[in-house]
Amino acid sequence: MNGKTKTYGIIGNPVSHSMSPIIHNAAFADLNINAAYLPFTVEDVGNAIAGVKALSIYGLSVTIPHKESVIPYLDDVDSVAKKIGAVNTVVRHEVDGDVILKGYNTDWIGANRALSEVADLEGNVVLLLGAGGSARAIAFGLKQAGAEVILANRSVDKVAKLASEVGCSFCELSEIDKHDFRIVVNATSVGMAPLENITLLSREQLEPVEVVMDIVYAPLETCLLKEAKKAGCKTVSGLEMLLYQAVAQFELWQDRPAPIEVMRSQLYSFVATKNDK
Ligand code: NAP
């Protein structure tokens with residue numbers, strides 16, 4: 001690092017568990033970009049954004065609990081992020097000498113790119129489990145990609161509201177069997193501790209399905225993904241969504257292709273080391 005090093009970072013609370021510094025610093029190093037990506041524990045998001053401008057921080061990831069509350073402090077927000085109502089990426093643009101901080105959402109891009117590695121989204125029917133923050137971003141993203149989305153969630157009021165905003169159909173978890181779908185995405189916290197031995201769909205229900213993605217990435221192979229493999233489905237781990245949302249952030253900040261394989265290998269080896277401890 002020297003006087004020309006550009007600073008990037010992540011704001012959230014907590015941020016100590018974040019794997020984003022691992023992924024982004026690996027990408028900077030691989031492409032010899034003189035930049036550093038740091039974690040910032042933030043309570044007051046408004047002051048943090050003023051600080052980003054004042055300190056000439058070049059790009060920001062935003063995580064829980066600030067993805068929604070950051071929006072009023074930004075100069076501009078991309079149209080899909082606006083619909084989702086959440087921003088996980090801030091880009092510093094300089095327009096006629098003025099600094100503009102613009103918000104984007106790359107969570108949906110991450111989910112779409114991870115799924116697109118193994119399936120066509122356009123015209124395909126996707127069962128999306130969940131109606132929380134992640135399901136919301138993914139639902140808007142799948143619509144953006146031309147998929148037909150069926151939302152299913154434990155709390156019916158919540159899923160009905162989300163479905164009407166997205167413009168898609170919905171059902172209760174107990175009514176899933178009434179629908180046909182080729183792709184399943186789990187965007188609930190089921191599969192993660194303390195729900196690590198639970199799956200919302202059985203092996204029999206997964207048999208007609210082509211592709212299953214679980215956005216839960218701890219454990220790496222969730223109960224749902226294990227059952228999906230046994231049912232003969234292609235499976236996509238939540239780490240791929242995490243990877244591709246970071247890839248999209250890198251590409252927004254640097255305006256050049258990200259070194260995906262380097263980012264992937266750093267991420268997976270970090271997770272493997274963590275799991276060994
Ligand atoms: P959230 O907003 O809190 O939503 C949680 C969702 O899980 C809700 O739909 C909730 O249903 C459902 N749920 C929780 N317990 C359940 C149970 N016992 N049975 C059925 N449904 C249950 O959380 P989020 O931010 O969307 O995150 C969801 C998961 O995604 C987390 O595990 C998180 O770690 C993971 N994630 C992964 C990535 C990635 O890049 N791979 C990114 C973000 C998040 P109700 O509405 O009925 O409560």
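Ala, Val, Leu, Ile, Met, Phe, Trp, Tyr, Cys and Pro count here as nonpolar, Asp, Glu, Lys and Arg as charged, and the others, Gly among them, as polar. Keep that in mind for the first view; everything shown comes from a predicted model.

Close-up 1. Rolling a probe the size of a water molecule over the atoms shows where empty space is left. In this model, the count comes to one cavity of 30 Å³ or more, and the largest cavity has a volume of about 30 Å³. Around the largest cavity sit Asn186, Val190, Ile198, Thr199, Leu200, Asp214 and Leu224. Sort that lining by type and you get four nonpolar residues, two polar and one charged.

Close-up 2. Helix 2 takes in residues 45–54, and its buried residues are Val45, Gly46, Ala48, Ile49 and Val52. Looking down the axis of helix 2, these buried residues fall within an arc of 160 degrees, so they line one face of the helix. An α-helix has 3.6 residues a turn, so residues three or four places apart point the same way. Turned away from the buried side is a face that carries the exposed residues Asn47 and Ala54.

**Close-up 3. What covers helix 2.** Over the buried residues of helix 2 lie several strands, including strand 1 (6–12), strand 3 (59–62), strand 5 (89–95) and strand 6 (98–104).

**Close-up 4. The two ends of helix 2.** At the start of helix 2, aspartate 44 has a side-chain oxygen that comes to within 3.2 Å of the backbone nitrogen of glycine 46. After helix 2 comes serine 56, with a positive phi near 55 degrees.

Key. Residues are numbered from 1 along each chain as its sequence is written. This is a predicted model: local features need pLDDT of at least 70, side-chain atom pairs count only at pLDDT 80 or more; totals for chains, interfaces and linings use all residues. Side-chain values use heavy atoms; hydrogens and water are left out. On a 1 Å grid over the protein atoms alone, a cavity is a set of points where a 1.4 Å probe fits but cannot get out, and a pocket is an open set with protein on both sides within 12 Å along at least five of seven lines; lining residues have an atom within 4 Å of a point. Grid points are joined across faces, edges and corners, and a volume is the space filled by probe spheres set on the points. Buried means under 20% relative accessible area, exposed over 50%, partly exposed in between (1.4 Å probe, protein chains only). Helices (H or I, at least four residues) and strands (E, at least two) are DSSP runs, numbered from the N terminus. The arc is that of the directions from the helix axis to the C-beta atoms. Contact means heavy atoms within 4.5 Å. A polar contact is a pair of N or O atoms within 3.5 Å; within protein, one must be able to donate a hydrogen and the other to accept it, and residues adjacent in sequence count only if both atoms are side-chain atoms.
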